[in-house]
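Subject: The structure we talked about

Hi,

Here is the structure I promised to pass on.

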Amino acid sequence: MKQTTRPPDHRSVPGQGGAVTAPPPARGPTGRRPTSTQWAAWGFLAPVTVYLALFYAYPLYRNLDLSLRDYTVRSFVQGDAPFTGLANYRKVFDDPTFAPALLHTALFTAVCLVFQYAIGLALAVFFNQNFRLSPTLRALFLVPWLLPLIVSASTWSWMLNSESGVVNAVLHAVGISPVNWLTSPSWSLPSVIIANIWIGVPFNLVVLYSGLQSIPAGLYEAAALDGAGAWRRFWSITFPLLRPVSAITLLLGLVYTLKVFDIIWIMTKGGPADSSTTFATWSYRLGFGNLLPAFGPGAAVGNLLVVAALVFGLVYVRVQRKQALS
């Protein structure tokens, strides 16, 4: 077989009499020299990559490692904990607290999501009327969202106090017997749900109100000319066009509500008798709430929350992809 060779690249250099063979240009792995735009893109991407690796990937790895080893206080410091596999997960599943915590987490998340979204949507539609006091009232509704969670939880603990709370004072004034909001197993979970709904409504209001602003006003005018009433315009125009915004609002609310810890711990500490214990409070109590912390089972419970959030996130991505293709 005859082999052909490529002749050398002869380029003339100014100021010299003959042609000089120039070396071939340096090429990247793809055969092309990286451009300045590509280097700039990598430069902008590097800080985000480092941030995600340090504050997301590494903590997740450490939490997974904690759940697969038998860590004690000594081994946590020295780093010589024995590998136990899925023993911590079996211990969590066999614990009598698992079933009530799972039920409370599901109820807490579902009820908060429904009421936060419904109230936030109603307020967004109300403020979309653009009346004179709309900006002022919207700013006031943001106060629960802007307050530190410890302030909000402490305020609700005082309001729902059995003896000196303002809620029981109002009930007594209208002839209703006082309720042990935070100390009764029947009322502790509803109490923290009410407080969390109050805190989460402003977020739904802001996001849904922004979505309403993107809907063309001409659609409502055309529907009104066709004789459609307010409810008909809402169900035929507002609600369908808000589906993408509603989906991301519910997903973010779901992830946030799954990991709610501050409100429950400050108000009830998961009690009484585990009546308001969720996976978030149970994980903290296992890892840090006892004299002999159980780091492995606590990390296992935390990983269950991560898996739940990941599953719902994948479902959201799949639904969005189907909607984009349809």
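Below is what I found, going from the whole chain down to single residues.

Before you start: this is a predicted model, in which local features need pLDDT of at least 70 and side-chain atom pairs count only at pLDDT 80 or more, while totals for chains, interfaces and linings use all residues. Residues are numbered from 1 along each chain as its sequence is written, and side-chain values use heavy atoms, leaving out hydrogens and water.

**The whole protein**

The protein has 15 helices and two strands. Of the 326 residues, 32% are buried. Buried means under 20% relative accessible area, exposed means over 50%, and partly exposed is in between (1.4 Å probe, protein chains only). The protein exposes about 20,800 Å², with carbon and sulfur atoms supplying 68% of that; the areas come from the Shrake-Rupley method with a 1.4 Å probe, and for residues only the protein chains shown count as cover. Among contacts (heavy atoms within 4.5 Å) with a separation of 6 or more, 63% join residues 24 or more positions apart.

**The cores**

A nonpolar core here is a set of buried Ala, Val, Leu, Ile, Met, Phe, Trp, Tyr and Cys residues joined through side-chain atoms within 4.5 Å. In soluble globular proteins, nonpolar side chains tend to be buried together. Which residues touch the most other members of the largest core? They are F108, I263 and M267, in a core of 35 residues. Helices α4, α7 (149-159), α9 (188-213), α11 (230-241) and α13 (262-267) each put in at least two residues, and α9 gives the largest share, with 11. As for I263, its contacts beyond four places in sequence are L149, A153, V192, A195, N196 and I199. There is also a second, separate core of 15 residues, including V92, L113, A300 and V301.

**Around α4**

Helix α4 covers residues 98-127, and F98 belongs to it. Is F98 buried or exposed? F98 is buried, because its relative accessible area is 16%. Setting aside residues up to four places away in sequence, F98 touches V92, F93, F279, W282 and L304. F98 and T277 are 179 residues apart in sequence, yet their C-alpha atoms are 9.6 Å apart in space.

α4 also packs against α12 (residues 243-258), at an angle of about 145 degrees and with the axes 10 Å apart. Axes are lines fitted to C-alpha atoms, for helices over the stretch in contact, and angles run from 0 to 180 degrees between N-to-C directions. From α4, the residues T105, F108, T109, C112, L113, Q116 and Y117 meet S246, L250, G253, L254, T257 and L258 of α12.

**Aromatic rings**

Rings of Phe, Tyr and Trp (its six-membered ring) pair if their centres lie within 6.5 Å; planes under 30 degrees apart are stacked, over 60 edge-to-face, and the rest tilted. How many aromatic pairs does that rule give? The count is 21. W181 and W187 make an edge-to-face pair, 5.0 Å centre to centre with 70 degrees between the planes. W181 counts as buried because its relative accessibility is 10%, whereas W187, at 37%, counts as partly exposed. F261 and W265 are stacked instead, at 5.6 Å centre to centre and 25 degrees between the planes.

**The loop between α13 and α14**

T268 sits in the loop between α13 and α14 (279-288). T268 is buried, with a relative accessible area of 11%, and beyond four places in sequence T268 is in contact with L182, S188, V192 and S276. K269 lies in this loop too; K269 has a positive phi of about 55 degrees although it is not a glycine. D274, another residue of the loop, has a positive phi as well, near 60 degrees. Both K269 and D274 are partly exposed, with relative accessible areas of 48% and 26%. Finally, look at P272, in the loop as well: the peptide bond from G271 to P272 is cis, with omega near -5 degrees.

Notes
Helices (H or I, at least four residues) and strands (E, at least two) are DSSP runs, numbered from the N terminus.
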